[in-house]
Amino acid sequence: MKVMMTAKLQLHTTPEQFAHLRAVQLAYRDALNYTSRYAFEHGKMSNQQALQRGVYAEIRMRYHLPSQLACNVPRQVGATYKGLWTKVKQNAQARRDGRTKKRYKGLDNAPKYVSPTLTYNCQRDYSFKKEHHASLLTLEGRVKVAYSGYDKHVALLQQGASIGAAKLWHDKPKKRFY
């Protein structure tokens, strides 16, 4: 039986690595907002392939994102719009049934991404190395960063547990990446 777990790993970065990771986070967020505006202006589209055809080259050129991250952006924006369209349809049904009189306003404006959280794909954008190190993709190439975490989670990683996507997020008060 497969069990899905979430492991929280603290990254121990040098000031230079910190700057590289922060720069890729902010560029990714800016690309999400650009793509969200594009989708809104083109009929609030949620089709991820159409979004990618429309914005991929511009994202690569304007934000200098590596190809895999530039592919993740339309995927994430498309998923956001799909969720919003689902809520619009549910609200329309609730209004027809008389359960509510309010109109859902989630698609009145383009969704704005505020959090600089970044999604990495395993073996494409990041990978685990020996001796508690991870290799992460940035705008300037890969950086090798030391990490630490809950002993049982780290042991599972070292034993070759199946790994999926990861989120790179910055804890502002503690000035750390996880």
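This dialogue walks through several features of a predicted model, with the general idea placed before each case.

User: What should I know about the model before reading its features?

Analyst: The model is predicted, so local features need pLDDT of at least 70 and side-chain atom pairs count only at pLDDT 80 or more, while totals for chains, interfaces and linings use all residues. Residues are numbered from 1 along each chain as its sequence is written, and side-chain values use heavy atoms, with hydrogens and water left out.

User: How many helices and strands does the protein chain have, and in what order do the elements run?

Analyst: Helices (H or I, at least four residues) and strands (E, at least two) are DSSP runs, numbered from the N terminus. The protein chain has four helices and eight strands, and from the N terminus on they run β-α-α-α-β-β-β-β-α-β-β-β. Its C-alpha trace spans about 60 × 40 × 35 Å along the principal axes.

User: Which residues touch the most other members of the largest nonpolar core?

Analyst: A nonpolar core is a set of buried Ala, Val, Leu, Ile, Met, Phe, Trp, Tyr and Cys residues joined through side-chain atoms within 4.5 Å, where buried means under 20% relative accessible area, exposed over 50%, and partly exposed in between (1.4 Å probe, protein chains only). The largest core here has 40 residues, and Ile-59, Leu-65 and Tyr-120 touch the most other members. Helix α1 gives the most to this core, with nine residues.

User: What is Leu-65 in contact with, and where does Ala-70 lie?

Analyst: Contact means heavy atoms within 4.5 Å. Neighbours within four places in sequence aside, the contacts of Leu-65 include Val-24, Ala-27, Tyr-28, Ala-31, Ile-59 and Ala-70. Ala-70 is in helix α3 and is buried, with a relative accessible area of 0%; although Ala-70 and Ala-31 are 39 residues apart in sequence, their C-alpha atoms are 8.1 Å apart in space.

User: Is Ser-36 buried or exposed, and what does it touch?

Analyst: Ser-36, which is found in helix α1, counts as buried because its relative accessibility is 0%. Residues up to four places away in sequence not being counted, Ser-36 touches Val-77, Tyr-81, Ala-110, Pro-111 and Tyr-113.

User: What lines the largest pocket?

Analyst: On a 1 Å grid over the protein atoms alone, a pocket is an open set of points where a 1.4 Å probe fits, with protein on both sides within 12 Å along at least five of seven lines, and lining residues have an atom within 4 Å of a point. The largest pocket is lined by 28 residues, of which Met-5, Thr-6, Ala-7, Ile-163 and Ala-165 lie nearest its centre.
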